[in-house]
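The report below concerns one protein structure and takes up its nonpolar cores, some of its helices and a few individual loop residues.

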Amino acid sequence: MDALIEAAQAEGEFNTMGLYDDWANYGELLKTFGEKYDIQINNDVSSGASQDLINAVKNRKGQDNSLDYLDTGMGFAQDAAEEGLLAEYYPETADEIGKDKQSDNGTWYNHLGGNMAIGCDTNAVEKCPTDWKELTNPEYKDKIAMAGDPTSGESGFMTVLAASLANGGSLDDIQPGLDFFEELSDAGNFLPVAASAGTIETGETPIVINWDYLLAPIADDLESSAVDLRISIPDQTVSSYYAASINEDAPHPAVARLWFEFLFSDEGQNLLLDGYVKPVRLQNMVDAGTVDQAALDKLPEGSLEDHPQPSLEQRESQHPVLVDGWGKAVG
């Protein structure tokens with residue numbers, strides 16, 4: 001570590017993209033890292049899309065402004081690794097990361113994630129639902145929405161996949177999820193509205209299905225309003241993790257590797273936890289007594305539990321089924 005720190009400080013800069021201050025506490029994470037090791041942070045926030053990060057690595061090859069670090073969806077990390085775009089590196093805590101949450105050759109690691117959940121404004125709904133089957137109750141007419149179009153967005157796709165698991169389907173069979181949303185739509189319970197903090201605050205979408213790590217900050221932000229957003233994680237749902245990786249052609253390779261050590265350390269993982277997401281080493285820190293308890297207490301009940309996460313192959317096989325069937329289900 002002493003040699004790595006010395007090499008990183010000689011490079012002096014860290015190039016990133018799409019690490020927004022209010023996403024997973026990245027603002028504090030980058031600030032702490034920069035101050036701790038005297039590293040200048042160059043964070044391009046013109047885009048945070050996974051494909052844009054991959055394109056930047058390809059288009060800026062050999063340039064000083066190329067990216068050192070990538071935070072992407074798992075599928076993008078797997079594809080980038082197969083293209084030889086990612087460096088192999090094993091941080092000190094790699095053995096504490098589940099084998100299902102890292103690549104076989106150290107090119108990417110899951111670092112943060114969460115579970116699909118149900119958010120409900122208790123001030124607008126007399127009895128909030130806590131599982132999928134309850135959502136079909138007549139009392140929820142014109143009350144239920146998801147975060148976006150599932151045919152084009154990750155959150156919506158995973159919402160339908162989670163509903164499938166709860167209705168006899170599997171990660172290889174999304175059709176029961178489509179059937180479930182057809183039932184909600186026919187009953188008039190499902191609203192074809194992209195739910196957001198704004199639609200929750202105005203009462204347009206008092207029940208929202210979305211990731212727990214996106215609902216939790218909304219709940220905090222709306223605490224001073226008339227909204228009391230309660231978050232429930234159903235017994236049957238899905239988890240999803242993002243992937244952290246290092247550019248094979250990183251202009252600051254020592255800094256990138258030092259960042260990995262920081263990101264996967266107790267300090268880095270606790271900073272992520274304070275941003276409402278579930279850091280990949282959370283259970284290890286709970287067991288070791290090194291977790292930030294105040295940050296942990298902010299997570300919805302049940303957040304510690306892991307649920308099924310689809311593979312790239314399962315996503316690729318089920319997404320066309322959803323695209324083909326969604327219009328018929330809710331049209």
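Leaving aside neighbours within four places in sequence, Tyr-26 is in contact (heavy atoms within 4.5 Å) with Leu-19, Tyr-20, Asp-21, Tyr-69, Asp-71, His-111, Leu-112 and Trp-259. This is a predicted model, in which local features need pLDDT of at least 70 and side-chain atom pairs count only at pLDDT 80 or more, whereas totals for chains, interfaces and linings use all residues. Residues are numbered from 1 along each chain as its sequence is written, and side-chain values use heavy atoms, with hydrogens and water left out.

A nonpolar core is a set of buried Ala, Val, Leu, Ile, Met, Phe, Trp, Tyr and Cys residues joined through side-chain atoms within 4.5 Å, where buried means under 20% relative accessible area, exposed over 50% and partly exposed in between, with a 1.4 Å probe and protein chains only. The largest such core has 68 residues, of which Tyr-26, Phe-33, Tyr-69, Leu-135, Phe-181, Trp-259 and Phe-260 touch the most other members. Helix H9 (residues 253-263) gives the largest share of this core, eight residues. A second, separate core of 16 residues includes Ala-117, Ile-200, Val-227 and Ile-233.

## Helix H2 and its flanks

Helices (H or I, at least four residues) and strands (E, at least two) are DSSP runs, numbered from the N terminus. Helix H2 (residues 26-37) has twelve residues and reaches 16 Å from its first C-alpha to its last, close to the 16 Å expected at 1.5 Å a residue, the expected span being 1.5 Å times one less than the number of residues. Its buried residues are Tyr-26, Gly-27, Leu-29, Leu-30, Thr-32, Phe-33, Gly-34 and Tyr-37.

Asn-25 lies in the loop between strand E1 (13-17) and H2, and its phi is near 65 degrees, a positive value in a residue other than glycine. Because its relative accessibility is 16%, Asn-25 counts as buried. H2 is followed by Asp-38, whose phi is also positive, near 60 degrees.

## Two further loop residues

Thr-205 is placed in the loop between helix H7 (197-201) and strand E7 (207-211), and at 0% relative accessibility this threonine counts as buried. Not counting residues up to four places away in sequence, Thr-205 touches Lys-143, Ala-145, Leu-191, Val-193, Ala-195, Thr-199 and Ile-200.

Asp-142, in the loop between strand E4 (108-121) and strand E5 (144-146), has a positive phi near 60 degrees, and at 46% relative accessibility Asp-142 counts as partly exposed.
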